[in-house]
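User: I have a model to go through with you. Can we start with the terms and then take the parts one by one?

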Amino acid sequence: LAAFNSLRFVIKGGLAGAAVYVAYDQGLLGSGTQGAEALKKAQAALPPAIQEWTSYIGWEVRTGQRNTLPPTPKFDFSPSDSWNKG
């Protein structure tokens, strides 16, 4: 049991270290301009990667409604109407 827990710790530590290394290597931990450049690279690379994965899995991606949010729900709630006046 102790060996399993230590193995889990080593694996988690390795994954965390790899994530920090990738973030540093991509320039996310540098100055603001380096971070902005890394963000631009990620935004350029993300849509083709998503398209590739969805075509591989067989999902359909709706590209006509990009960058639109669903409408906010309408709440018709008045605290004075629900207040116990008794």
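Analyst: Buried means under 20% relative accessible area, exposed over 50%, and partly exposed in between, with a 1.4 Å probe and protein chains only. Helices (H or I, at least four residues) and strands (E, at least two) are DSSP runs, numbered from the N terminus. This is a predicted model: local features need pLDDT of at least 70, side-chain atom pairs count only at pLDDT 80 or more, and totals for chains, interfaces and linings use all residues. Residues are numbered from 1 along each chain as its sequence is written, and side-chain values use heavy atoms, with hydrogens and water left out.

User: Which residues are buried in H2?

Analyst: Gly 35, Ala 38 and Thr 54 are buried there. Across the protein, buried residues are 6% of the 86.

User: How many helices and strands are there?

Analyst: Three helices and zero strands.

User: Where does H2 bend?

Analyst: At Leu 46, by about 30°, and Pro 47 follows within four residues. The bend is the angle between axes fitted to the seven residues ending at a residue and the seven starting there.

User: What span should H2 have, and how far apart are its ends?

Analyst: H2 covers residues 32-57, and its 26 residues should span 38 Å at 1.5 Å a residue; the end C-alpha atoms are 36 Å apart, which agrees. The expected span is 1.5 Å times one less than the number of residues.

User: What follows H2?

Analyst: Gly 58, with a positive phi near 105°. Just after H1, Gly 27 also has a positive phi, about 90°.

User: Switching to confidence. Which helix has the lowest mean pLDDT?

Analyst: H3 (residues 79-82), at 70, while H1 (residues 2-25) has the highest, 91. pLDDT is the predictor's confidence in each residue, from 0 to 100. The protein averages 78, and 85% of the residues score at least 70.
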